[in-house]
Amino acid sequence: MRSHECDQKNASRIIRAEYKNNNPRPAETERRMSKFITLEGIEGVGKTSNMRYIKELLENSGHDCVVTREPGGTDLGEALRDILLDHSDDNMSPDSELLLMFAARAEHLSKVILPALEKDQTVLCDRFTEATYAYQGGGRQLDVDKISELEDWVQGELRPDLTIILDAPVEIGRARAGGRSEPDRIEKEHDDFFQRVRSAYIELANRYPHRICLVDASLGLAAVQKNIHEKLVDYDIVGSGIMTGIE
Ligand code: TMP
């Protein structure tokens, strides 16, 4: 195992151990199957259908799966999501947007994500902090060091075990998402905003290849799902023999 992978695994273990110390539970088996997996991408890359696909693969592989999303996943988080995405408010300052994303995340971690990992469940989350780097860092051009400070404060050492970024050119995403419903506050942004979001995602995948990967989402659904399956095998999340009814 490479040393940065080792650091990542140890960090994940430490934060779970800290949570366990503060929330004692009866002794249980030492089986550690739980993983923290996140799915990312710009609008229109097919997150919704691929979330269902990944969940099915995980469950067929024996994972007890909790599916959740950001911003959201808790009562407070969903209320913050409504505020963040409200299409009538195009005046929110970028700093307020950033801080509300992390407020929702703090609640989500303490009420949903950490308790699930502690119960040996696998958490599959539709967006997480990589979205903040992409949208607030890339799209809004906020200082990435501020995001990194908030990340360390709110998450400690916890990072997803695997982040899959569905990557496609902005025009393809736009064309696929177009006309679905009234665009929310962020969907209303212009193409150059989404170009920056996409570039930031690609940069993250290049920077942290041990835990973040890109999947070409411009391909047809069957090819995208085949690639997702291969990534889950490569990153040791599911076995190569696992299939879903969707394939
Ligand atoms: P979606 O989950 O339906 O794609 O909508 C969530 C929106 O919120 C999407 O436009 C991305 C945005 N977002 C951020 O800007 N920063 C974040 O940290 C997260 C989690 C989401």
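**Helices, sheet and ligand**

Author: Happy to! Let's begin with a helix pair: the axes of helix H4 (residues 94-118) and H5 come within 11 Å and cross at roughly 175°. Keep in mind that this is a predicted model.

Reader: So how do H4 and H5 run relative to each other, parallel or antiparallel?

Author: Angles over 145 degrees count as roughly antiparallel, therefore H4 and H5 are roughly antiparallel to each other.

Reader: Nice. Which residues make the contact?

Author: H4 brings Pro94, Glu97, Leu98, Met101 and Arg105, while H5 brings Thr129, Thr132 and Gln136. Sorted by class, the contact of H4 with H5 has 3 nonpolar, 3 polar and 2 charged residues.

Reader: Staying with H5, is that helix mostly covered or mostly open?

Author: H5 is mostly covered, with 11 of its 11 residues buried. Among them are Tyr133, Tyr135 and Gly137.

Reader: What do those buried residues pack against?

Author: Quite a list! The buried residues of H5 pack against strand S1 (36-41), S4 and S5, and also against H4, H6 and helix H8 (191-207).

Reader: And what follows H5?

Author: Gln141 follows H5, and its phi is positive, near 60°.

Reader: Switching to the ligand: which residues are around it?

Author: Around the ligand you'll find Arg69, Glu70, Pro71, Met101, Asp126, Arg127, Ala131, Thr132, Tyr135, Gln136 and Ile186. Met101 and Thr132 also belong to the contact between H4 and H5.

Reader: Which helix gives the most to that shell?

Author: Our friend H5 (residues 129-139), with 4 residues.

Reader: And how does the shell divide by class?

Author: Into 5 nonpolar, 2 polar and 4 charged residues.

Reader: Let me zoom out. How many helices and strands are there?

Author: The protein has 9 helices and 5 strands. From the N terminus on, the elements run α-β-α-β-α-α-β-α-α-β-α-α-β-α.

Reader: What is the order of the strands in the sheet?

Author: The sheet is open and has 5 strands in the order S2-S3-S1-S4-S5, with parallel pairing. Strand S2 (65-69) and strand S5 (212-216) are the edge strands, each pairing on one side only. The twist averages 20° from one strand to the next.

Reader: How many bridges join S4 and S5?

Author: Strand S4 (residues 162-167) pairs with S5 in the parallel sense over 5 bridges.

Reader: Why does Asp161 count as buried?

Author: Because Asp161 has 21 C-beta neighbours inside 10 Å, and 20 or more is what a buried residue needs.

Reader: What does Asp161 touch?

Author: Leaving out residues up to four places away in sequence, Asp161 touches Lys35, Phe36, Ile37 and Arg211. The C-alpha atoms of Asp161 and Ile237 are separated by 9.0 Å, and these two residues are 76 apart along the chain.

Reader: Last one: what share of the protein counts as buried?

Author: 37% of its 247 residues. As for contacts with a separation of 6 or more, residues 24 or more positions apart account for 82% of them.

Key: Residues numbered from 1 in each chain as written. Predicted model: local features only at pLDDT ≥ 70, side-chain atom pairs only at ≥ 80, totals over all residues. Near = placed C-beta within 6 Å. Helix = DSSP H or I, 4+ residues; strand = E, 2+ residues; numbered from the N terminus. Nonpolar A, V, L, I, M, F, W, Y, C, P; charged D, E, K, R; others polar. Pairing = 2+ DSSP bridges. Axes fitted to C-alpha atoms, helices over the stretch in contact; angles between N-to-C directions. Parallel < 35°, antiparallel > 145°, perpendicular 65-115°, else oblique. Contact = placed C-beta atoms within 7 Å. Buried ≥ 20, exposed ≤ 12 C-beta atoms within 10 Å, placed from the backbone.
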